[in-house]
Amino acid sequence: ATVDIGTIVSLCKRRGFIFPSSEIYGGLGSTWDYGPLGVELKNNVKRAWWKSIVYDRDDIEGMDGAILMNRLVWKYSGHEATFSDPLVDCRECKGRFRADKTYELDCPRHKRKVIECQSNLTEPRAFNLMFKTQVGPVEEEAALAYLRPETAQSMFVNFKNIVDSRWRKVPFGIAQIGKAFRNEIVPGNFTFRTREFEQMEIEFFCKPGTDEDWHAHWIEERHNWYLRYGLRAENLRRYVQQPDELAHYARACTDLQYRFFPDREDQEKQWDELEGIANRTDYDLSVHSKGKQEKWGIHNEHATQSLVYRDPVTNEKFIPYVIEPSAGADRATLAFLMDAYSEKPGTDGEPRVVLKLHPALAPIKVAVLPLARNKSELVEKAKAIKADLQRHGIRAVYDDTAAIGKLYARQDEIGTPFCVTVDYDTLGIGKPKEAAAAETTPSSAAALTDTVTVRDRDTWEQVRIPVARLREFFAERLTA
Ligand code: ATP
């Protein structure tokens, strides 16, 4: 069976992945802080995404846009008018609900399914999800700004800057990772739905007519990315949005859904969106272009330029179509945690948690442990190995605060793929006299000098490796 979110919430708190935000003041609903291990894990998720999108391909440029943007961006993108969810109030319990997602909720007062008190709900009204703020010291309409509800828009409005500065020809894409904010009516389910979250988005620009092929390409690419980094095939599926679910400008949209809620009775409701991959047609570059845009019924009086693209070879002019794979870094991190979670009986028969994260995602790659902490040569050697790995970019920790078995168990629980143990053989002095077994002859002890054991998290098997080969050994196993 797949683990439920509750088990992950408590593991995250217990082991320093994710804490409730502002906890000592009673928290702030549905806000979370990534702790020492969480920040490493989420950084690794983002790095794995960036690597596969920006480094492993030749047709994507990266950027990092500002969270605050000119308000006109949101006027012409359509967000000011339509970025809203249907809000309903329950007259009975005074609870507020998102009308299209009621199944997720329990009525906060009556502690029963909101479905049951639906007869007493008000008509839905549109609630705009954008957070408002003001720029500068003047509190007036002119100073109004929004916290961006998606990273996408800064990629659209920088389209021409990137074409011109990077000699790019369509087809090509722009990728960005960054915070987005939505005043969700009902946040919840841990980091699945929060009001501040992080997106990993691609805007891929292509010639009209090639859009369907590029859409198919990106669905395939993104699906495979999740599998490569450890999601189980049976927990990931594609959901093709029906015509009545599509945004008015979209031609098609396929969601990658993950089984975030395996404990829900209704099979269908176990699945929810991990990433949306939409064919947005020429809507975005059209609405941000100067002048009349007949097709979209918009007259842009404020933009200073047109985003029409001219093919430098054929001289053909067109407004590129956009394929948008839009992922959430927090939802992806949660999904990787859920599919990594496993339990197995320890040597004492007690169940032990082993977090089988892909080594490239694991917060800590190697724990270096001395067999005994009261022997200074062991401690020094272990610390030197840790420092050397760390200097070469392999995240390593040193730990001597418990007996070796317990140290292994701790690392298993946080997903560390390898433990290195420094013992007496490493030092070339064999076991201490009182513990020395007759089988260690002087010659075999010499052969083990400057070697360590490396223990594998998933198999619990150990191999003996020369210290000088450790870096190479790990480098091979840590890349995806
Ligand atoms: P939902 O229907 O779940 O509200 P959405 O369809 O509005 O999501 P998009 O606008 O497509 O979401 O955003 C792209 C991605 O950003 C989502 O697939 C998700 O991973 C992430 N995301 C969106 N809203 C949130 C949120 N409130 N908390 C965490 N991640 C989010």
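This note sets out numbered points on the predicted model shown above.

1. Basis of the note. Residue numbers start from 1 along each chain as its sequence is written, and side-chain values rest on heavy atoms, with hydrogens and water left out. As the model is predicted, local features need pLDDT of at least 70 and side-chain atom pairs count only at pLDDT 80 or more, whereas totals for chains, interfaces and linings use all residues.

2. Overall build. The protein has 14 helices and 25 strands; helices (H or I, at least four residues) and strands (E, at least two) are DSSP runs, numbered from the N terminus. Its C-alpha trace spans about 90 × 65 × 50 Å along the principal axes. Of its 480 residues, 51% count as buried, where buried means under 20% relative accessible area, exposed over 50%, and partly exposed in between (1.4 Å probe, protein chains only). Among contacts (heavy atoms within 4.5 Å) between residues at least 6 apart in sequence, 66% join residues at least 24 apart.

3. Helix α1. In α1 (residues 5-14), the buried residues are Ile5, Ile8, Leu11 and Cys12. They lie on the same side of the helix, because they cover an arc of only 120° around the axis; the arc is that of the directions from the helix axis to the C-beta atoms. An α-helix has 3.6 residues a turn, so residues three or four places apart point the same way. The cover over the buried residues of α1 includes β1 (18-20), α9 (329-340), β19 (341-345), β20 (351-355) and α11 (404-414). Gly16, with a positive phi near 80°, follows α1.

4. The cavity. The structure holds 1 cavity of 30 Å³ or more, and about 40 Å³ of space lies in the largest cavity. On a 1 Å grid over the protein atoms alone, a cavity is a set of points where a 1.4 Å probe fits but cannot get out, and a pocket is an open set with protein on both sides within 12 Å along at least five of seven lines; lining residues have an atom within 4 Å of a point. Grid points are joined across faces, edges and corners, and a volume is the space filled by probe spheres set on the points. Ser52, Ile53, Arg57, Trp218, Glu221, Arg222, Trp225 and Arg228 line the largest cavity. The largest share of this lining, 5 residues, comes from α7.

5. Asp59. This residue sits in the loop between α2 and β3 (60-63) and is buried, with a relative accessible area of 15%. The side chains of Asp59 and Arg57 are joined by a polar contact of 2.8 Å; such a contact is a pair of N or O atoms within 3.5 Å, and within protein one must be able to donate a hydrogen and the other to accept it, while residues adjacent in sequence count only if both atoms are side-chain atoms. Arg57 is also one of the residues lining the largest cavity. Beyond its neighbours within four places in sequence, Asp59 is in contact with residues including Arg168, Pro171 and Trp214.

6. Backbone points to check. Most residues other than glycine have a negative phi, and most peptide bonds are trans. A cis peptide bond, with omega about 5°, joins Val170 and Pro171. Trp167, in the loop between α6 and β9, has a positive phi of about 50° and is exposed at 71% relative accessibility. Asn189 has a positive phi near 60° and is partly exposed at 28% relative accessibility.
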